[in-house]
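Work through the exercises below with the model open. Each task is followed by a stepwise solution.

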Amino acid sequence: MYLKHLLSRQTINGLSRLNGRILSPYSYVYKISSAFTTPISRSIYSSGGYGPTFHNLTYSKLDPSVSRYIHSIPETKLNGSSEDPELESDDSEDGTMNEFLSRFVWIMRGKLMEVYAECDKQTMDGMLLILVQKVVSEMEKGGLEQMLDAAVAAPSQDFSEDLWKTVWEVSNLVLNDMKKARNKEKMKTFLQSEEVKEMSRFAGEIGIRGDMLRELRFKWAREKMEESEFYENLERLREEAQAKEGEEAQAKGVEAVGNEEVVMDDSVGDGKKETIVSLPKRHGKIRYKIYGLDLSNPKWTEVADKVHEREEIVWPQEPKPISGKCKIVTEKILTMKEEDDPSPLLDEWAELLQPRRIDWISLLDRLKENNTHLYLKVAELVLSKESFQTNTLDYTKLIDVHAKENRLEDVERILKKMNENGISPDILTSTVLVHMYCKAGNLESANVALEGLRSQGFQPDMRIYSSMIMAYVHAGKPEKGESLMKEMEMRSIKPTKEIYMALLQAYAECGHIDGAVRISRTMDFAGFPRSLESSTLLVKACGQVGAADQAREFFDDMIIKEGYRPDDRCTSSLIAAYEKKNMLDKALDLLLQLEKDGFEPGVATYNVLVVWLANLQLVDEAEQLLGKIAELGEAPSLGVHISLCDMYARTRSEKKALQALGVVEANKEQLKPEDFERIIKGLIDGGFSQDAQRIQDLMASRGFSASYDLEITLASKFAGRKKPTSGSRRSLR
């Protein structure tokens with residue numbers, strides 16, 4: 001419906017009698033005529049007191065937040081205000097109302113001009129003046145909502161129902177625009193607040209950039225603004241409550257003192273209680289947020305208590321300052337010699353300083369920098385100090401240092417002290433002991449430490465298994481190492497290729513063909529295909545026991561099936577198998593065939609051939625091969641020297657025999673019982689009885705006992721025989 005039909009006949013008649021006169025009895029409406037020439041004006045009214053009654057400006061029901069907004073918006077002084085001091089004071093008090101009416105006139109003027117385009121400016125100003133007069137009068141009464149309900153039920157005599165609807169819609173629109181403008185200005189203020197800036201800097205430091213950082217900054221500013229508005233509303237409610245109580249007190253003749261009200265009239269004698277004015281009770285719990293983290297949850301109280309309890313443990317403590325006599329004693333401790341006893345100085349130092357754990361640690365660190373051996377000596381003594389607060393880890397660290405240096409006696413001594421003090425080895429200590437005993441070859445103690453680990457519920461890991469298997473390999477017990485490897489596979493721990501090769505090497509050294517073949521097949525199933533090294537070890541296992549045919553089968557499989565080219569080690573292993581069976585013709589055929597394929601024998605092959613020829617006592621041929629070894633720039637192996645000593649002794653080459661014997665004696669730590677027996681038998685057969693007796697004594701000093709055959713030989717040779725020649729009495733020193 002057009003606005004032409006919104007005004008009643010009575011309104012049009014009233015407009016014709018306007019003639020520029022003021023229709024409102026209120027002085028502040030008189031100034032609205034000056035605003036019609038400038039749509040946004042500040043001189044709309046001059047009297048105050050309408051702010052508190054201005055609320056609920058919507059058609060059906062104005063939003064209460066809008067009413068509160070009118071009361072809480074800051075007062076502004078508008079441009080073009082009157083020069084009258086009294087009018088200027090009124091404008092300052094009612095700036096918000098002035099702004100509302102200016103916006104209202106601006107919007108209503110546009111709507112009226114769209115409908116009454118033929119009306120002149122004076123008529124248009126008159127219509128606006130009537131609308132503003134009516135709106136202000138209703139605002140002054142404070143019955144806007146009641147008036148609206150009445151207007152819906154019975155239209156006004158001046159305005160139609162549709163006209164009132166348009167007026168209230170425009171009023172609500174103006175209030176919303178004013179609220180948005182005010183919130184925008186407040187948002188700018190909170191965007192520049194220090195708390196929001198600090199949170200934005202923190203977000204930038206952790207990598208938040210671009211649009212996300214911008215959204216977070218607006219979110220934090222909006223939360224701060226809502227929090228500020230909340231407390232402003234609380235303060236306003238408190239002031240309203242105090243004002244209401246004050247009015248009631250004045251009506252009853254009560255004098256308010258502070259926040260408490262004391263009754264001064266006859267009501268005192270009636271026994272009425274004092275009334276305390278306070279903020280309204282808050283419902284719910286206050287939520288504290290820092291960087292978006294809700295700290296109002298009770299669990300954070302428990303976290304704070306636990307953090308406080310652990311502060312002394314987590315935060316590093318500072319050692320006490322050392323001065324005076326204590327400083328002199330400290331210097332004496334640092335400059336001690338390793339053979340000195342540090343106990344008296346430590347006792348004196350502890351008495352002077354009354355140290356804590358951090359003080360002892362500081363002293364030990366300084367000792368460790370100056371002298372490692374002195375540090376270990378002092379650290380062992382400090383473990384018994386009560387002020388050091390010794391724990392299991394302290395013992396473990398000291399044991400680990402000694403274990404890396406293979407000092408088993410020191411480790412055993414510290415373990416004894418540990419048990420005496422009632423501290424049982426933990427998992428970490430037992431792990432260190434397992435590695436140490438495996439490295440030292442002490443399998444019995446290693447097994448005890450391993451059982452200690454299992455008794456504590458710890459299942460061995462890859463490192464523990466590797467150490468134990470290598471210890472069994474070095475001890476010549478590959479069967480037990482293989483059982484541990486199967487245990488690893490049952491626990492879904494895949495053994496490494498190094499473990500497989502170590503077991504294969506051990507079986508090859510022992511001449512255990514079945515074990516070597518079993519390990520080789522297990523490697524194939526585990527995803528480690530047969531290589532030249534593994535094939536060589538299989539041939540070597542056969543060569544140790546003289547299984548020449550089986551060794552040749554592995555050798556041919558390596559060449560034909562696998563496509564590897566045999567090297568010097570593999571060839572020497574096959575020749576060693578032939579040597580055990582004394583198949584010299586097959587060995588020569590093999591060498592001739594390999595030489596046609598471009599193979600050149602190396603030191604390993606020549607060593608096996610020299611040993612073979614020495615056993616056959618072919619001196620010239622053996623010496624010829626020794627020359628080829630010398631041409632390659634290598635020295636013969638210990639096995640070659642043992643064979644040469646035996647050959648030269650049996651052929652009565654005294655000088656060469658004693659020379660070879662000297663080389664063997666220089667490497668006596670590497671000799672096995674069978675090597676000693678072979679040398680002794682060769683010397684006896686060659687007539688070197690004194691040298692044989694000396695080698696027998698050397699064998700006994702190594703802890704090896706003579707076999708029954710050797711004892712029979714010695715008894716038969718030394719019983720009723722003539723004394724050996726002077727040359728045979730020579731002993732190589």
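**Exercise 1.** At roughly what angle do the axes of H27 and H29 cross, and within what distance do they come?

*Solution.* The model is predicted, so treat each value as computed from it. Start with the axes.
- Step 1. The axes of H27 and H29 come within 7 Å. They cross at roughly 15 degrees.
- Step 2. Angles under 35 degrees count as roughly parallel. H27 is therefore roughly parallel to H29.
- Step 3. H27 passes H29 in a left-handed crossing.
- Step 4. Now list the contact. H27 contributes Asp568, Thr571, Ser572, Ile575, Ala576, Tyr578 and Glu579. They meet Val603, Ala604, Thr605, Val608, Leu609, Trp612 and Asn615 of H29.
- Step 5. Sort this contact of H27 with H29 by class: eight nonpolar, four polar and two charged residues.

**Exercise 2.** Classify the packing of H9 (residues 161-191) on H11 (residues 210-252) by angle and hand.

*Solution.* 
- Step 1. The two axes come within 9 Å and cross at roughly 110 degrees.
- Step 2. The range 65 to 115 degrees counts as roughly perpendicular. So H9 is roughly perpendicular to H11.
- Step 3. H9 passes H11 in a right-handed crossing.
- Step 4. On the H9 side, the contact holds Arg182, Asn183, Lys186, Met187, Phe190 and Leu191. Their partners in H11 include Arg217, Phe218, Arg222, Met225 and Glu229.
- Step 5. The class count for H9 with H11 is six nonpolar, two polar and seven charged residues.

**Exercise 3.** Which helix gives the most to the lining of the largest pocket? Build up to it from the volume.

*Solution.* 
- Step 1. The largest pocket has about 1200 Å³ of space.
- Step 2. It is lined by 25 residues. Closest to its centre are Gln544, Lys580, Val611, Gly639 and Lys672.
- Step 3. Helices H25 (532-545), H27 (568-581), H29 (603-615), H31 (638-650) and H33 (673-686) each supply at least two lining residues.
- Step 4. H27 gives the most, with six residues.
- Step 5. By class, the lining has six nonpolar, 10 polar and nine charged residues.

Technical notes
Residues are numbered from 1 along each chain as its sequence is written. This is a predicted model: local features need pLDDT of at least 70, side-chain atom pairs count only at pLDDT 80 or more; totals for chains, interfaces and linings use all residues. Side-chain values use heavy atoms; hydrogens and water are left out. On a 1 Å grid over the protein atoms alone, a cavity is a set of points where a 1.4 Å probe fits but cannot get out, and a pocket is an open set with protein on both sides within 12 Å along at least five of seven lines; lining residues have an atom within 4 Å of a point. Grid points are joined across faces, edges and corners, and a volume is the space filled by probe spheres set on the points. Helices (H or I, at least four residues) and strands (E, at least two) are DSSP runs, numbered from the N terminus. Ala, Val, Leu, Ile, Met, Phe, Trp, Tyr, Cys and Pro count as nonpolar, Asp, Glu, Lys and Arg as charged, and the others, Gly among them, as polar. Axes are lines fitted to C-alpha atoms, for helices over the stretch in contact, and angles run from 0 to 180 degrees between N-to-C directions. Angles under 35 degrees count as roughly parallel, over 145 as roughly antiparallel, 65 to 115 as roughly perpendicular and the rest as oblique. A crossing is left-handed if the near helix is turned anticlockwise from the far one by less than a right angle, and right-handed if clockwise. Contact means heavy atoms within 4.5 Å.
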